[in-house]
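Biologist: I would like to learn how to read a model such as this one, feature by feature. Where do we start?

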Amino acid sequence: MSNQPDVMTPPYSLEAEQSVLGSLMIDNEAVDRIGVLQAKHFYREDHRAIFTEIIQCVSKGLPADVVSIWDGLQARGGAFLDGLLPYLNSIAQTTPSAANVARYAAIVLDRALLRGLIQVTGIAGEMAHQPKGKSADEVLDAVQSLVSGLVERRTRSEPRMIADILLDFVEGATKRSEGLDSAMPTGIEELDRVLNGGLRPEQLIIIAGRPSMGKTAAAAHIGLNIAENRSALMFSMEMSSLEIAGRALANRGAIPLAKVLGKIPESDSKAWSQVTHGCARLQPMSFAIDEAPALSLLNIRLKAKAWKRRHGLDLIIVDYIGLMTGGDGDKRYEQIGSYSRGLKALAKELGVAVIVLAQLNRKSEERVDRKPILSDLRDSGEIEQDADVVLMIHRPEMHDVTNTALHGFAELLVRKQRNGPLADIPMQFDGATCRFSEWVGPLPSTAPVKSSRRVGYD
């Protein structure tokens with residue numbers, strides 16, 4: 001039989017709690033060295049009350065010695081007042097100095113975190129037994145949030161002098177000049193120049209366009225470029241993983257997609273050489289594809305978190321926001337707005353860049369130049385509000401297929417950028433291989449000619 005008691009004492013350190021209180025009464029300025037320690041982190045009720053009284057006295061500029069703390073607590077009343085004055089004296093006298101108060105505080109925090117974990121596991125067990133209509137995924141996400149909250153409560157943002165902040169800024173500028181920037185190059189040179197180096201962690205990037213303009217091709221092209229040195233995860237709710245893999249092979253092997261999807265004759269040595277080359281380039285990449293349809297924000301969060309834990313993660317691609325399900329609100333624009341807010345929050349939470357594909361409404365087709373603008377974003381203006389960068393794809397040939405000068409000409413329109421300029425970037429789009437590259441030569445006239453024919457690659 002076990003000799004352990006039926007009820008285990010929660011983890012705490014009596015000595016550390018006493019040492020923190022003694023240090024603060026010896027040296028009131030030690031309060032600046034206790035970090036994020038709060039009254040709730042103490043296990044004993046009398047210690048929480050003593051700590052609260054000390055902090056209140058210090059914040060008012062009053063002395064927080066044994067007599068002052070005793071007087072304040074006596075005025076408030078409480079069940080633990082009997083013998084409190086001798087106890088305060090004992091704490092102050094047995095604490096040799098306040099020099100190690102930061103270490104004492106860290107121990108108190110550590111034990112508080114362990115108690116918090118015990119509480120969370122208890123809540124998790126109760127939620128698992130009584131989910132109250134929640135799915136297992138929703139329960140798991142709630143538990144993960146509780147655990148994350150324990151960690152977040154251990155950090156505190158303090159005001160900083162601008163001189164100190166500038167040191168970090170200049171250090172970042174130095175790293176950028178040395179090629180050590182945190183930006184992730186998209187592989188499109190002009191776009192990287194406009195975006196000050198590329199995509200950055202915690203950014204929400206929208207790639208928008210009308211149907212068949214090449215949104216998926218653009219996102220996958222950028223994702224593959226980033227995956228050469230980083231880790232990318234694509235949620236493809238519209239196309240299967242085999243379709244995306246075929247496009248990736250066409251992109252990296254410079255082989256027409258139609259040939260990849262068709263039957264390649266054994267005698268076509270050039271095509272097989274291109275397939276081999278494309279596979280060799282894709283093999284070492286950390287580029288994952290999730291083809292589950294109609295994902296909710298919760299699904300994406302859980303999968304992205306798990307993938308980051310197992311493989312690392314720098315970029316998430318969501319194709320596309322209009323196919324997501326769930327969301328807050330009864331109206332579609334409310335749901336889309338909740339998706340964009342949630343994906344922005346996910347970018348900050350995981351420290352990754354998130355590319356989200358979005359559709360545009362038909363308003364752009366009513367304009368003479370047919371170029372899209374921010375107000376053309378479909379279903380929700382909150383997409384525009386939440387995004388750090390909005391890129392729109394415009395291909396004039398889609399409206400004038402008989403004009404051979406426009407074939408392959410595309411524009412990547414930077415319509416929003418929080419920390420940089422706007423720009424219209426001319427591009428060469430090879431639909432056969434799903435590749436974007438720099439436009440070479442004079443720009444063609446994009447004066448539209450009405451046509452009912454539409455040919456495109458999404």
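Modeller: With one definition. Buried means under 20% relative accessible area, exposed means over 50%, and partly exposed lies in between. Keep in mind that this is a predicted model.

Biologist: How do I check the length of α2 (residues 45-59)?

Modeller: Count 1.5 Å a residue. The 15 residues of α2 should span 21 Å, and the end C-alpha atoms are 21 Å apart, so the two agree. Then look at what follows the helix. After α2 comes Gly61, with a positive phi near 80°.

Biologist: What does that check give for α14 (residues 332-350)?

Modeller: α14 has 19 residues and reaches 27 Å from first C-alpha to last, close to the 27 Å expected. Gly351 follows α14, and its phi is positive, near 70°.

Biologist: What do the buried residues of α14 pack against?

Modeller: They pack against β1, α13 (297-311), β4, β5 and α15 (382-386). The buried residues of α14 include Ile336, Tyr339, Leu343, Leu346 and Leu350. Gln335 and Lys344 are also among them.

Biologist: Now the sheet. In what order do the strands run?

Modeller: First the general idea. Strands of a sheet pair through backbone hydrogen bonds, either parallel or antiparallel. Here 9 strands form an open sheet, in the order β3-β2-β4-β5-β1-β6-β7-β8-β9, with mixed pairing. β3 (286-290) and β9 (435-438) stand at the edges with a single partner strand each, so one side of each has no neighbour in the sheet. From one strand to the next, the twist averages 25°.

Biologist: In which sense do β2 and β3 pair?

Modeller: Parallel. Strand β2 (residues 231-236) and β3 are joined over 5 bridges. Met234 stands opposite Ile289 in β3.

Biologist: Which strands does helix α10 touch?

Modeller: α10 (residues 241-253) packs on the sheet and touches β2, β3 and β9. The direction of α10 makes about 150° with that of β3. Among the buried residues of α10 are Ile244, Arg247, Leu249 and Asn251. What covers the buried residues of α10 includes α9, α11 (257-261) and α12 (269-282). Just after α10, Ala254 takes a positive phi of about 55°.

Biologist: And α9? Which strand does it run at about 170° to?

Modeller: To β5. α9 lies across several strands, including β1 (204-209), β4 (315-319) and β6 (389-394).

Biologist: Next, the core. How many residues does the largest nonpolar core have?

Modeller: Again, the idea first. In soluble globular proteins, nonpolar side chains tend to be buried together. In this model the largest nonpolar core has 50 residues. Those with the most contacts inside it are Leu191, Leu199, Phe287 and Ile355. Helix α9 (residues 215-227) gives the most to this core, with 7 residues. A second, separate core of 34 residues includes Met237, Ala304, Ala347 and Val354.

Biologist: What does Phe287 touch?

Modeller: Leaving out residues up to four places away in sequence, Phe287 touches Gly223, Leu224, Ala227, Ala232, Met234, Ile244 and Ile317.

Methods: Residues are numbered from 1 along each chain as its sequence is written. Side-chain values use heavy atoms; hydrogens and water are left out. A nonpolar core is a set of buried Ala, Val, Leu, Ile, Met, Phe, Trp, Tyr and Cys residues joined through side-chain atoms within 4.5 Å. Buried means under 20% relative accessible area, exposed over 50%, partly exposed in between (1.4 Å probe, protein chains only). Helices (H or I, at least four residues) and strands (E, at least two) are DSSP runs, numbered from the N terminus. Contact means heavy atoms within 4.5 Å. The expected span of a helix is 1.5 Å times one less than its number of residues. Two strands pair if DSSP finds at least two bridges between them. Axes are lines fitted to C-alpha atoms, for helices over the stretch in contact, and angles run from 0 to 180 degrees between N-to-C directions.
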